[in-house]
Amino acid sequence: MTSPDTATLLEDAADRIADISRADLQIMLRRAALRLRNSAALSMDDNVEEALRDLAGEFGMTRNDTIRFIVREWMEKNTYLPVHSVDEDSEVDGTA
C-alpha cells in the first residue's frame with residue numbers, strides 16, 4: 001500500500017475542512033510549501049526543451065527524471081561521481 005501524496009491529502013482536507021484538525025492542516029500546508037519551494041523549474045532554450053521532451057518520451061521518464069539521469073551519467077563519465085566498476089572477480093548475480 002502506498003501513502004497518499006501531498007496533493008491528495010490537501011484535496012481530501014479541502015473536502016472535509018470542518019473535520020480536519022488545525023495541527024494536521026498545518027503539517028499538510030508546510031509540506032506543500034516545502035514542495036513548492038523545492039520545485040523551481042529549470043528552464044532551457046527551446047531546442048533543448050524539445051530534445052528533452054523527445055528523450056523523456058523515448059526513455060519513458062518524466063522531464064525532471066530525464067534531466068537527473070543525464071546529469072548523473074555526465075558526472076559519472078567525467079569522474080565527478082564514483083563509478084561502480086566490475087572486474088573479472090566481481091559477483092554480478094548473472095548480470096553485467
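I started at Thr79, which follows helix 4 and has a positive phi, near 55°. By helix I mean a DSSP run of H or I with at least four residues, numbered from the N terminus.

A reminder to myself: this is a predicted model, where local features need pLDDT of at least 70, side-chain atom pairs count only at pLDDT 80 or more, and totals for chains, interfaces and linings use all residues. Residues are numbered from 1 along each chain as its sequence is written, and side-chain values use heavy atoms, with hydrogens and water left out.

Next I looked up helix 4 itself. Its 15 residues reach 21 Å from first C-alpha to last, close to the 21 Å expected at 1.5 Å a residue (the expected span is 1.5 Å times one less than the number of residues). Thr66, Ile67 and Glu76 are buried in helix 4; buried is under 20% relative accessible area, exposed is over 50%, and partly exposed is in between, with a 1.4 Å probe and protein chains only.

What covers them? Helix 3 is included in the cover of helix 4's buried residues, with contact meaning heavy atoms within 4.5 Å.

Then I turned to helix 3, residues 46-59. Its 14 residues should span 20 Å at 1.5 Å a residue, and the end C-alpha atoms are 20 Å apart, so the two agree.

Which residues are buried in helix 3? I found Glu49, Leu52 and Ala56. They cover an arc of only 60° around the axis, so they sit on the same side of helix 3; the arc is that of the directions from the helix axis to the C-beta atoms. On the other side, Asn47, Gly57 and Glu58 are exposed. Helix 4 (63-77) is included in what covers the buried residues of helix 3.

Conventions. Helices (H or I, at least four residues) and strands (E, at least two) are DSSP runs, numbered from the N terminus.
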